[in-house]
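The entries follow in the order in which I looked.

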Amino acid sequence: MLHYLSLKDIDSLPNWVEEARSLKTNPKHHKGLGKDKTLGLLFFNNSLRTRLSTQKAAMNLGMEVIVMNFGSEGWALEYGDGTIMDQGSSEHVKEAAQVISQYCDIIGIRAFASLTNKEEDEAELVLESFKKYATVPILNMESSVGHPLQALADAITLVENNTKPKPKVVLSWAPHPRALPHAVANSFVEMMQRQDADFVITHPKGYELSENITKGCTIEYDQEKALENADFVYVKNWSNYTNYGQVINKDTNWTITLKKLGQAKFMHCLPVRRNVVVADEVLDSSQSLVIEQANNRTYAAQIALKKILESLS
Ligand code: CP
């Protein structure tokens, strides 16, 4: 039984990317694979792309889909062992995960980082608890630490747009008014570590991601220098990791403009705040790949679901 919890669950990234691109040319080719199977999608946080693209992917594979906005509609879950549940939580994840496993053949979970409890976030409390107590495979639809469906879609988009044997790819931090998680940036870094590319991360001093993630990566604090001769610029805000979950920098000098982008292609996972993270002129230019990235979310989800379904048969 295969789970898709992180990029570590991919045996060969190039093979998955090629297979996803093949699915893209004939999305309904494996329509029989998901027959009589149900995908349950549990959202503890909001979504547009993940919710719709994962449903679309499941439908392409012939699956039935049921969706629950757990954060607003479900009982508040307890995760601790031996807790005296006389406070806010109404149901323990032990029962919830086993019950949902009776209704679904695969469970997709979106549960963002709290950004208040680093230890719990790093332990992937929600995702790992469901993995522990569910009796069916788990699909990570963005957890505290990672967004492997997004990174897989980004890998597909890079392959489709790359023209060089070893492109220069830059991950740039950008300002944002609210505290955002590290998951997208983390998974992008992990994905890039498996690519033959000149990969550079740029962010203000003090905004380092976890060293466990960026080990061996080039970090350049001068954004202008980092962007020199870039082929792809992936832009993402993340809140401070050291002062966990804090927004201590909103420097608009880090906003991406067309001048900074040069000839590079622009990438972002969306949703994006226009003229805060990136200027209109970039998003509205032919250099922007954001709509292609969002389209590839369907095929990233479809290849992940296909691999999981095949592991069940
Ligand atoms: N990129 C992404 O995961 O989009 P949503 O948050 O809208 O699902």
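**Ligand contacts**

I began with T50, where an N or O atom of the side chain is 2.7 Å from an oxygen atom of the ligand, and I count as a polar contact a pair of N or O atoms within 3.5 Å. I then looked up L48, which places a backbone N or O atom 2.7 Å from a ligand oxygen atom, and R297, which has a polar side-chain atom 3.1 Å from an oxygen atom of the ligand. Taken alone the ligand exposes 250 Å², of which the protein buries 93% (Shrake-Rupley method, 1.4 Å probe).

I keep in mind that this is a predicted model, in which local features need pLDDT of at least 70 and side-chain atom pairs pLDDT 80 or more, while totals for chains, interfaces and linings use all residues. Residues are numbered from 1 along each chain as its sequence is written, and side-chain values use heavy atoms, without hydrogens and water.

**Surroundings**

I listed the residues around the ligand, with a heavy atom within 4 Å of it, and among them are S47, R49, R110, H147, Q150, C269 and L270.

**Domains**

I noted domain 1 (7-146 + 298-312) and domain 2 (148-293), with bounds from an automatic or database domain assignment. Both domains give residues to the shell, so the ligand lies between them. Their C-alpha centres lie 25 Å apart, and 32 residues of domain 1 are in contact with 29 residues of domain 2 (heavy atoms within 4.5 Å).

Technical notes:
A polar contact is a pair of N or O atoms within 3.5 Å; within protein, one must be able to donate a hydrogen and the other to accept it, and residues adjacent in sequence count only if both atoms are side-chain atoms.
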